[in-house]
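The exercises below are meant to be worked with the structure in view. Please try each task before reading the solution that follows it.

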Amino acid sequence: MAETAPLVRCDRSGDVARITIANPPVNALSHAVRSGILAAVEAADADPEAVAIVLRCDGRTFVAGADITEFDRPAVEPVLSTVLAAIDACRKPVVAAIHGTALGGGLELALACHWRVAVAGARVGLPEVKLGIIPGGGGTQRLPRAVGVEKALEMITTGEMIGAAEAKEAGIIDAIVDGDLDDAAVAFARARAADGARPRLRDREDRIAGARGQDAPFAAARAAMARRARGRQAPEYAIRAVQAAVERPFDDGIALERELCTELKASAQSRAQRHVFFAEREAAKVPGIGRDTPVARIERAAVIGAGTMGGGIAMSLAAAGIPVVLVETGQEALDRGLATIRRNWEATARRGGLGGATVDERMARIRPSLALADIADADLVIEAVFEDTGIKKTVFAEMDRHARPGAILATNTSTLDVDDIATATARPESVVGLHFFSPANIMKLLEIVRGRATSPSVVATSLAVAKRIGKVPVVVGVCDGFVGNRMLRARGRQAERLVMEGALPQQVDRVLYDFGFPMGPYAMGDLAGLDIGWRIRREKGLVSPVADRLCEMGRFGQKTGAGWYRYEAASRSPIPDPAVEAIILEEAARAGIARRAIDDGEILDRLLLPMVNEGARILEEGIALRPGDIDIVWVHGYGWPVQEGGPMHWADARGLGAIRDRLLELQHQHGDDFRPAALIERLAAEGKGFRDLPRP
Ligand code: COA
């Protein structure tokens with residue numbers, strides 16, 4: 001039998017001991033790795049031939065954190081803090097040699113070493129809050145001692161990484177290495193052994209002493225988090241732990257950090273956030289698409305339509321370094337589209353968000369054109385014209401004529417039949433839906449709509465493009481509205497009924513806001529514009545009594561200063577409008593509805609349960625591959641609060657038995673919109689959840 005390579009090994013480079021962690025892909029600190037490091041540190045400390053120790057990693061990165069898959073089980077010794085205490089106690093200088101990303105437990109490991117050297121491309125961070133926890137290996141105690149309270153609060157409460165140069169400036173990294181990291185780290189360690197310096201962060205007080213007794217930095221962090229991470233527990237716990245670093249002795253701070261971290265690990269929020277972390281990665285894996293599926297090179301792209309969506313899509317591509325031809329039919333629309341793009345990037349630049357690039361550099365990657373023939377050398381063409389099958393098919397016929405053989409022909413439709421659109425071409429295997437979400441340069445979700453004929457290579461290439469432009473892809477099948485908009489419609493139907501039956505838009509919106517959505521359906525409608533839905537309803541002969549009347553009055557939402565709410569000049573804050581309430585009362589009376597007070601609990605259930613139900617049908621039909629994919633669509637495309645894990649996770653957390661019972665109750669009161677999907681009936685009867693469904 002082949003021997004498995006040890007996850008941690010120890011050798012020597014002259015008089016310097018080298019401890020190497022080799023646990024691919026990201027050198028996570030599993031139990032075996034922690035045990036290995038502990039044994040290696042003790043052995044190296046006792047080795048009479050070694051004067052110093054270098055801690056390094058094989059593979060693409062330094063340790064990227066604790067092993068998240070172990071979080072569901074009780075912690076087993078040696079826990080990370082035991083390992084770090086051994087490093088603290090080591091009599092020889094220990095140097096961390098960092099490449100790739102030192103994240104979470106990885107950065108904590110490095111902070112427990114006496115010195116840290118890194119390559120220029122390395123990045124470090126404590127991303128635990130993103131998983132609903134806080135650092136549990138001393139990060140909240142050692143980082144403030146290295147960088148001061150304000151920087152530590154910023155890093156720990158946001159979880160964002162910083163680059164090596166910034167980390168050096170801040171006091172995390174002692175030296176940035178130009179040449180070979182291993183050689184440099186060994187030389188550095190030898191020099192430290194010679195001068196005898198072995199500083200421990202636990203002993204340092206200089207950077208935190210000034211904050212003792214001060215409340216201001218903590219209050220500022222709390223205020224920032226109230227905006228950025230509304231409803232999430234972990235950032236508040238992180239602030240408390242950092243405050244303890246300032247106010248209490250090191251070991252007391254460590255104890256509190258451990259206690260808070262343990263509590264959070266078991267919390268519903270952290271379970272939800274961990275679910276999202278893994279679901280995001282699982283979504284990128286599609287049955288039938290493997291390493292051997294050819295991925296085409298995308299060197300040039302074209303976007304047809306310079307409206308809000310087309311412009312945003314062009315920005316996403318250009319920002320990732322892909323040159324784009326942006327095609328419009330008229331000069332005026334093209335100029336308007338380009339001006340909007342420039343304005344958006346200028347705003348980003350003012351916030352320092354262009355990562356060193358200038359607006360002009362970005363703009364130079366977008367070549368405006370009035371001729372569809374200019375898509376000829378693009379490897380990927382994305383159509384973002386008016387949402388109408390006829391128009392889209394005409395455009396696709398043109399795309400087919402001009403695009404080079406092998407190019408991907410994508411539609412940004414949000415609801416239409418991709419298979420039907422593909423019939424306008426002689427190459428349906430090259431046609432795919434790439435459904436971006438507005439604003440397309442910001443929202444992370446990309447629904448990749450796989451048509452009947454879409455080739456595996458086109459799906460694989462779309463997944464690769466998504467990753468390259470920083471989107472989170474979810475592959476879905478063809479149906480009206482795909483995953484996101486189809487479920488949104490189920491929610492919208494209830495939102496409308498609730499308002500007719502007795503609620504007001506502001507109450508419906510508040511319930512969803514309190515749940516954690518950035519806004520409710522009415523504020524969202526005003527933001528998106530009510531005229532689009534109105535036009536579609538008229539085409540289809542549908543009626544929405546209140547919304548139709550608002551549109552007839554020219555109340556199209558924010559852009560006209562009034563919609564479901566009214567807006568004061570230059571403000572986007574919705575103000576409840578008695579005129580709207582009057583219309584609602586009239587329309588309810590006209591429909592013979594006796595309005596009643598509706599409590600928040602009923603509103604929430606009536607909005608969310610139909611979504612879960614529709615999600616179950618989407619799974620039954622195979623439109624989504626897994627429940628986690630649906631969750632990712634909602635978290636990244638529609639603002640479902642990440643600490644609630646997405647609609648399917650939320651339903652699992654409540655228990656599908658309880659969900660089924662509540663659906664039956666609502667069906668009895670409000671009709672067949674609430675008839676439980678067969679999948680929910682079956683799983684509930686078996687005492688299972690969506691999470692128990694077999695993986696594709
Ligand atoms: N524990 C367990 N598994 C982990 C992990 C961790 N801390 N970090 C990453 N992985 C796994 C991923 O699930 C993925 O597994 P898969 O290939 O089976 O899907 C694999 O490692 C590669 O990760 P991926 O995110 O796809 O690679 P990447 O190169 O895009 O990003 C990181 C690498 C390290 C930046 C990213 O994985 C990350 O942010 N990890 C979490 C870091 C973290 O939060 N650490 C603190 C934990 S307390």
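Two strands pair if DSSP finds at least two bridges between them, where strands (E, at least two residues) and helices (H or I, at least four residues) are DSSP runs numbered from the N terminus. This is a predicted model, in which local features need pLDDT of at least 70, side-chain atom pairs count only at pLDDT 80 or more, and totals for chains, interfaces and linings use all residues. Residues are numbered from 1 along each chain as its sequence is written, and side-chain values use heavy atoms, with hydrogens and water left out.

**Exercise 1.** Work out in which order the strands of the open sheet lie, and which strands stand at its edges.

Solution. Begin with the order, which is E1-E2-E3-E4-E6-E9 for the six strands of this open sheet, with mixed pairing. Then look at the edges, where strand E1 (8–13) and strand E9 (175–177) each have a single partner strand, so one side of each is left without a neighbour in the sheet. Finally, neighbouring strands of this sheet are turned on average by 25° against each other, direction ignored.

**Exercise 2.** Describe how E2 pairs with E1 and with E3.

Solution. Take E1 first: six bridges join E1 and E2 in the antiparallel sense, and arginine 12 has alanine 17 in E2 as its bridge partner. These two strands form a hairpin with two residues between them, and glycine 14 in the turn has a positive phi of about 65°. Turn next to E3 (residues 52–57), which runs parallel to E2 (residues 16–21) and is joined to it by six bridges; here arginine 18 has valine 54 in E3 as its bridge partner.

**Exercise 3.** Determine how helices H5 and H8 are placed against each other, and which residues meet.

Solution. The axes, which are lines fitted to C-alpha atoms over the stretch in contact, with angles from 0 to 180 degrees between N-to-C directions, come within 10 Å for H5 (residues 149–158) and H8 (residues 216–228) and cross at roughly 25°. Angles under 35 degrees count as roughly parallel, over 145 as roughly antiparallel, 65 to 115 as roughly perpendicular and the rest as oblique; H5 and H8 are therefore roughly parallel to each other. As for the contact (heavy atoms within 4.5 Å), Val149, Glu150, Leu153, Thr157 and Thr158 in H5 meet Pro217, Phe218, Ala221, Met225 and Arg228 in H8.
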